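Keep the sequence and the 3D view at hand.

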Amino acid sequence: MKFSYVVTIAMSTSVCVGGIAHSADPTADTITDAQKAAIQKTIQTCGVCHGVNGRSVAPTFPNLAAQQAPYIELQLKAFKDQSRADPDAQAYMWGMASQLSDANISALASYFAAQPAAPGRGGNSALIAQGKHLFEEGVPARQIPPCATCHGAHAAGLAVFPRLAGQHAPYLLKQLLVIQSVLRTAPVMHGVIKDLTKDQMQAVVAYLESI
Amino acid sequence: MTRMRQIWSSTSLLQWLGFGLCVSVTTPGWAVPSFARQTGMACAACHTVFPELTPFGREFKLNGYVLDNIKQVTGIDTSAHQTLALNSVPPISLMAQISYTHTGAALPDSALNGALAKDGDLLFPQQVSFFYAGKIADGLGAFIQLTYDGVGDSFGFDNTDIRYAHHWSFGGSNDNSHTMIVGVTLNNNPTVQDVWNTTPAWGVPYSNSSVAPSAITSTKIDSGAGGFGQSVGGLGVYLWLDDHFYAEITDYTSAIRGGAHPLDSTQSNVVSGSAPYWRVAYEQRWERNSLSVGAFGLSANLHPGLQGAINTALAGVTDRFRDTAADVQYQFIGEDHLFTFLGTYISEHQTLNASVLDGFAANTDNNLKTLKLTGEYYYQRRIGGTIGYFSTTGGSDPLLYAPAPVTGSANSKPDINGYLLEVNYLPWLNTKLQAQYVGYQKFNGQSTNYDGSGRNASDNNTMYLLVWLNF
């Protein structure tokens, strides 16, 4: 049982806080007090679901802590222009991202990327071991390459390839499913996971959640 | 039963006393697409299945209904302080309910002795409501409902909650940080401002028949429009700390619409001074689960005022109602499966000095105890159902609970208990098709011949079909 992280709840203003600076640090001296406050409020709004520290409680919402900033930016822009259209994207993020300025997107991405990563959580050790093997070796017989090729040996991600380590397993599983069914567009991934079975998905996400 | 607008349908003294059984009109609503329009988020963000709130929905409400993701009309003064932040599109929506009610046995004709009313009643509509629900200014939001009532053929002010919320966070963004919301609510129905579905204004059943017989009495806080709902105004302050702890105190006084103003002896059940309402709750969230436990209560001194054809001055001794309640709510919100458990226990102690003096009640001290237990399940928010148990028990009082056809009590007791079964199908998130069955084991005191006119509790068993649209 994982108890609630402190989740800040400041839906007291719009997420539309245009004009904020490209800064990860709301306390930086180069921005005005108003801009600091606007950034902080936007972070707090995101924090309602994702946690102000980027570590969410409910697995519907992904951890953002230590996520790759370019990946966060890419996704927020995809929500904003509605090119990412999986069910939860439509239900939650189309609205939330609709009024974000590019500067705001950059600031949010930098902020969450700078937060300490969520720790791994253990689970079924046999499943985790199977997932680790799949992550590191892929499934050569079915032309499924190792996930580590793009996501890194420790699943920390790189640029637009997202960090997967410590992510909620149910969230990752859902993403694999919606990418495989092309509800979520992810061109590279469509080819990589087209033959991945659900059992294999469950193994690899159990591993990723554990590290 | 909850949220019932009591409509006095008989001229018997008992019924005019305000304790008699009445035909009831529900005043649901509350899951309003104007919030979706304002936030750009689907209903599922804030509701498991409307009107039940998710943890995010609770946060949205506690923050003052102000989260917006649409273009704003803004203004600033020369000091760069914001003077206006208004949705460019007003958050307005409409709700329509069309229902059909069939009771176990037909009800007596309202004009002809010995005749029966039509067995089965279609209300087209049962209710239509207009809402302004959303942001007014930065931190300030409103939920305002105007309702056309198909039974009363009337249009009027309904549930309203206007609130201002301010958020603080302190301790940085690390694990030692804390958050706090302090809000002010101005509302017209005790518990309409609450964010859990265990309190009466938003409790189960979320909709029920407005023409089937309902209990001879209920606790003040659970009487909805038959009690304080839309007939009081209250100003309160609340605290929401670290997404866990909630505390609120709101003070109400009478704000009766229509009739004589300033209020006088021609009005009924007028609050003497003010009626404080209090609420505490603790919520824990983990993974896909949330569990809350809480308590709430209301204390009110009332002048009986007009009872039947008797006017009593709004002065002197009063009737005192002291309600104390405990509640628990559990939610599991999975990708496919959603479970909710709701439990509420209300104890009311009545000290009826005024009613005894005026001959409206026999006992000075009366009490009521209400228990409601509800389980809900939905599959993919599309199809699901509800199983519920409810009971109210209380002491006997031959004046408060006198015999009368359908509405009265032969043994002078208010006891009622029964069950609720419900199947709901939502082809879209904002559309609910409902089949509900309410069965009574005991009604107004007993199972058989409960009213002294030969009617049994099971004769009031009710099949209720509903089309509920929000758009």
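Q: Leaving aside its neighbours within four places in sequence, which residues is Leu108(A) in contact with?
A: The model is predicted. Two residues count as in contact when their C-beta atoms lie within 7 Å. Setting aside neighbours within four places in sequence, Leu108(A) has these contacts: Thr42(A), Ile43(A), Cys46(A), Ile72(A) and Leu76(A).

Q: Which residues touch the most other members of the largest nonpolar core?
A: This core has 65 residues. Those touching the most other members are Ile72(A), Leu108(A) and Phe112(A).

Q: Which helix gives this core its largest share?
A: The largest share is seven residues. They come from residues 102-113 of chain A, which form helix 4.

Q: How many residues are in the second, separate core?
A: Its members include Ala169(A), Leu173(A), Leu196(A) and Tyr207(A). The size of this second core is 23 residues.

Q: Which residue takes a positive phi just after helix 7 of chain A?
A: The angle is about 65°. The residue just after this helix that takes it is Val182(A).

Q: Is Met95(B) buried or exposed?
A: Met95(B) sits in strand 5 of chain B, residues 92-103. A residue needs 20 or more other C-beta atoms within 10 Å to count as buried. Met95(B) has 24 such atoms within 10 Å, so it is buried.

How values were computed
Residues numbered from 1 in each chain as written. Chains lettered and ligands numbered in written order. Predicted model: local features only at pLDDT ≥ 70, side-chain atom pairs only at ≥ 80, totals over all residues. Helix = DSSP H or I, 4+ residues; strand = E, 2+ residues; numbered from the N terminus. Buried ≥ 20, exposed ≤ 12 C-beta atoms within 10 Å, placed from the backbone. Core = buried A, V, L, I, M, F, W, Y, C linked by C-beta atoms within 7 Å.
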